[in-house]
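Subject: Structure for you to look at

Hello,

Here is the structure you will be working with, followed by notes on what was found in it. Please read the notes with the model open.

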Amino acid sequence: MPTPNPAWRAVVDDLRQRIAAGEWAPGERLPSTRQLTEHYQLKSHGTVTRALSALIAAGELITNPKAPRQGVTVRARPKVTRDLLVGTRYAANGTEGTFEAHTNTHDVTVDVDFAIVAPPDEVREKLGLGEKDRVLRRIFRYSIQGTPHQVMTSWMSTQIAAAAGLHIPEDEVPGKSTRAWLKEAGVKITRTRLRLEARMPTPEEIEALSLPNEQIPVIVRSGTIFGPDYPVAVETSAVLVVADQVAYETDIEEDDEESTC
């Protein structure tokens with residue numbers, strides 16, 4: 001018969017208390033398994049390993065699956081508020097400005113990746129491209145206090161990207177919106193379509209966001225920008241964000257006169 005409070009549960013409780021007390025800040029790495037085993041005066045590493053696994057599964061700690069030897073860190077869970085209309089001319093805080101300025105956050109890191117690729121079928125259809133056409137795929141991975149927060153992926157034709165001056169990640173300017181790049185490419189924007197979808201993450205998304213398990217939902221905010229040739233789009237993007245780390249809101253200016261039905 002199992003004991004009511006086995007050793008690994010006692011380690012879980014103590015680590016939770018130490019994290020809550022601020023001994024390790026969000027994004028900070030915990031001591032190694034060996035060090036924790038010695039601290040708790042345990043005979044084997046297995047007890048600590050099980051305790052850490054339980055805290056990872058609970059979403060309190062995270063580990064980098066691509067570099068497991070780097071150990072575990074405290075998972076930051078900041079609640080970021082975004083303008084629902086961000087990236088459009090109707091956004092309350094404008095279309096330009098950095099992520100930090102728009103969200104009032106700090107300790108943000110952004111990893112940017114560029115690649116010329118064959119687009120997914122859905123993207124190909126939206127951009128009106130042929131089978132042999134390629135797109136510039138830009139991926140922006142945002143982390144807050146060391147914890148992955150969101151992944152934004154943008155697709156635009158190689159012709160438009162070249163006209164805008166987008167060739168390598170170093171071409172990016174912090175706070176410069178896609179609308180601004182399209183304007184420099186001579187593209188007139190006539191319409192923007194936004195879509196919000198909440199769903200469970202795919203295995204690839206779990207890895208990208210360092211989610212502890214598949215039970216934490218994500219929100220996908222898709223945006224498609226159209227030019228004069230609507231319904232053919234000039235750029236389409238998707239922002240993938242952990243659902244418990246974001247809230248969307250917006251302000252709508254209303255006319256003083258009540259509309260009549």
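For the charge count, Lys and Arg are taken as positive and Asp and Glu as negative, while His and the chain ends are left out. On that basis the protein carries 30 positive and 37 negative side chains. The centres of these two sets lie 7 Å apart. Please keep in mind that this is a predicted model.

Overall figures

The protein has 261 residues, and 43% of them count as buried. Its C-alpha atoms fill a box of roughly 70 × 50 × 35 Å along the principal axes. The accessible surface is about 15200 Å², and carbon and sulfur atoms contribute 49% of that. Of the contacts with a separation of 6 or more, 58% are between residues 24 or more positions apart. The secondary structure consists of eight helices and ten strands.

The six-stranded sheet

An open sheet is built from six strands in the order S4-S5-S6-S9-S8-S7, with antiparallel pairing. Its edges are strand S4 (108–117) and strand S7 (191–199), each of which pairs on one side only. Neighbouring strands in this sheet are turned against each other by 15° on average, with direction ignored.

Is S9 covered or open? S9 spans residues 233–242 and is mostly covered, with ten of its ten residues buried. In the sheet order, S9 sits between S6 and S8.

On one side, S9 runs antiparallel to strand S6 (residues 147–157), and six bridges join the two. Within this pairing, Thr153 stands opposite Ala238 of S9. S6 also pairs with strand S5 (residues 135–144), again in the antiparallel sense, over ten bridges. There, Thr153 of S6 has Ile139 opposite. Thr153 can therefore be used to read across the sheet, because it stands opposite Ala238 in S9 and opposite Ile139, and strands count as paired where DSSP finds at least two bridges between them.

Ile219 has Val241 of S9 as its bridge partner. A hairpin of six residues connects S8 to S9. Pro231 is found in this loop between S8 and S9. What is the peptide bond from Tyr230 to Pro231, cis or trans? The bond is cis, with omega near 15°.

Two residues with positive phi

Asn104 has a phi near 60°, a positive value in a residue other than glycine. Asn104 is in the loop between helix H4 (99–103) and S4. With a relative accessible area of 73%, Asn104 is exposed.

Ser210 is not a glycine either, and has a positive phi of about 50°. Ser210 is in the loop between helix H8 (203–208) and S8. Is Ser210 buried or exposed? Its relative accessibility is 15%, so Ser210 counts as buried, since the limit for that class is under 20%.

Val12 is in helix H1 (residues 7–20). Val12 has a relative accessible area of 5% and is therefore buried. Leaving aside residues up to four places away in sequence, Val12 touches Ala51, Ala54 and Leu55.

Thr37 is in helix H2 (residues 33–39). Thr37 is buried as well, because its relative accessible area is 5%. Which residues does Thr37 touch, not counting those up to four places away in sequence? They are Leu42, Ser44, His45 and Val48.

Regards

Key
Residues are numbered from 1 along each chain as its sequence is written. This is a predicted model: local features need pLDDT of at least 70, side-chain atom pairs count only at pLDDT 80 or more; totals for chains, interfaces and linings use all residues. Side-chain values use heavy atoms; hydrogens and water are left out. Buried means under 20% relative accessible area, exposed over 50%, partly exposed in between (1.4 Å probe, protein chains only). Helices (H or I, at least four residues) and strands (E, at least two) are DSSP runs, numbered from the N terminus. Axes are lines fitted to C-alpha atoms, for helices over the stretch in contact, and angles run from 0 to 180 degrees between N-to-C directions. Contact means heavy atoms within 4.5 Å. Accessible areas come from the Shrake-Rupley method with a 1.4 Å probe; for residues, only the protein chains shown count as cover. The place of a charge is taken as NZ of Lys, CZ of Arg, CG of Asp or CD of Glu.
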